[in-house]
Amino acid sequence: MSPWLTVVGIGEDGFKGLGKNARRALMGASRIVGGQRQLDLLPLCIGGERQLWPSPFSLAPVLEQRGAAVCVLASGDPMFYGVGASLARQLPSDEMLILPAPSSCSLAAARLGWPLQDVVTLSLVARPLAALNAQLFSGVRLLLLSNDGASPAAVAQLLRERGFGSSRISVLEHLGGDAERRIDGSANDWCDPPIADLNVIAIECRANADTPRLSRLAGLPDSAFRHDGQLTKRDVRAITLARLAPTPGELLWDVGAGSGSIGIEWMRAHPSCRTLAIEADDGRQQLIEHNRDALGVPGLQLIRGKAPQALAGLERPDAIFIGGGVTREGVFEACWEQLKPGGRLVANAVTLQSEVTLMHWRERYGGELTRIHVAQAQPLGEFDTWRQALPITLLDLVKPFDA
């Protein structure tokens, strides 16, 4: 099937900035769908019927015209956090022709002299600002697509709260148009000037001297989490996550999530990793919600309930961690049944009863048992001695493809 849909990226310079193919597509379209700002950039000589996106947003006005000569207008590059990406999930590529303009991030990088391949990009459009927390590292350059004109002030406040007040901020608005403007400052002295809704925020991250270092590698300091004692401690957490082995796009069930540390660090491993944290205790649910935002993974989904009942109907996972409820009847069986073939299951035990349960699972399903002993040097009078933490027994299983 030849392309019936053309998605045209248009910049602030409007119709005059479009290439020949984009102009030809718009001239020949029977219907042109877009936002009011994009449609207003078209000259009167474009005769196709103009249609606004519905509110709430839906692709229906385009998909219902399948086979007709339809154009969709998008800002900049339609495949960069744009409607082109949404349409690509609904239509085969041979039915669409994408004609991009430079994205706002490309234009911002050009103005700043930043090599785009070395920059981290993030969209704040209808997304939680807390996601920025996972990207804050001294020396990193960030380009943020703003949600609106209030975004720069909100970002500056977050930077101050997270110990990055020395970071340099540049806000670039109306990129590529006659009204293009750049405002520079630091997070500490940001004075919240009036800013257009269409803007990009550029940040050169600079941490304060006393700002804690929070690596993306597994094993954040225990102090990075709020908890009530139900926390997989740092060294054991690092070993556990190494066995769970997160890779891009995978889903983890964190069963008996406690303070959420395993699921949170799973998601920090890669932006596309996902977690369902199953927790029955109200107080710990609140801790999970705080920790996921503070550590930059607001997309972690909290399942309020007790396993195994709360597991019913959930999306099948690629990996499962059982940190609580090891001895509860039916928990392991429900987890093992729903785990995808080739998936990993890791369970930790600290009591004798839960350790015996892991031994029974190993006898039936195989896997590897590991005993973890961690000791820390602590004062004893004028000297130091080793203080042994409670030993942890870890069961590591991989589900066979023929199971």
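The structure is a predicted model, in which local features need pLDDT of at least 70 and side-chain atom pairs count only at pLDDT 80 or more, while totals for chains, interfaces and linings use all residues. Residues are numbered from 1 along each chain as its sequence is written, and side-chain values use heavy atoms, with hydrogens and water left out.

Helix H7 (residues 234-244) packs against helix H8 (residues 261-268) at an angle of about 55°, the axes being 11 Å apart; the two helices are therefore oblique to each other. Helices here are DSSP runs (H or I) of at least four residues, and strands are runs (E) of at least two, numbered from the N terminus. Axes are lines fitted to C-alpha atoms over the stretch in contact, and angles run from 0 to 180 degrees between N-to-C directions. Arg237, Thr240, Leu241 and Leu244 of H7 make the contact (heavy atoms within 4.5 Å) with Ser261, Ile262, Glu265 and Trp266 of H8.

Arg162 is placed in the loop between helix H6 (151-161) and strand E8 (168-173). With a relative accessible area of 30%, Arg162 is partly exposed, a class between buried (under 20%) and exposed (over 50%), computed with a 1.4 Å probe on protein chains only. Apart from neighbours within four places in sequence, Arg162 is in contact with Asn133, Leu136, Thr211, Leu214 and Ala294. A polar atom of the Arg162 side chain lies 2.7 Å from the backbone oxygen of Ala294.

How values were computed:
A polar contact is a pair of N or O atoms within 3.5 Å; within protein, one must be able to donate a hydrogen and the other to accept it, and residues adjacent in sequence count only if both atoms are side-chain atoms. Angles under 35 degrees count as roughly parallel, over 145 as roughly antiparallel, 65 to 115 as roughly perpendicular and the rest as oblique.
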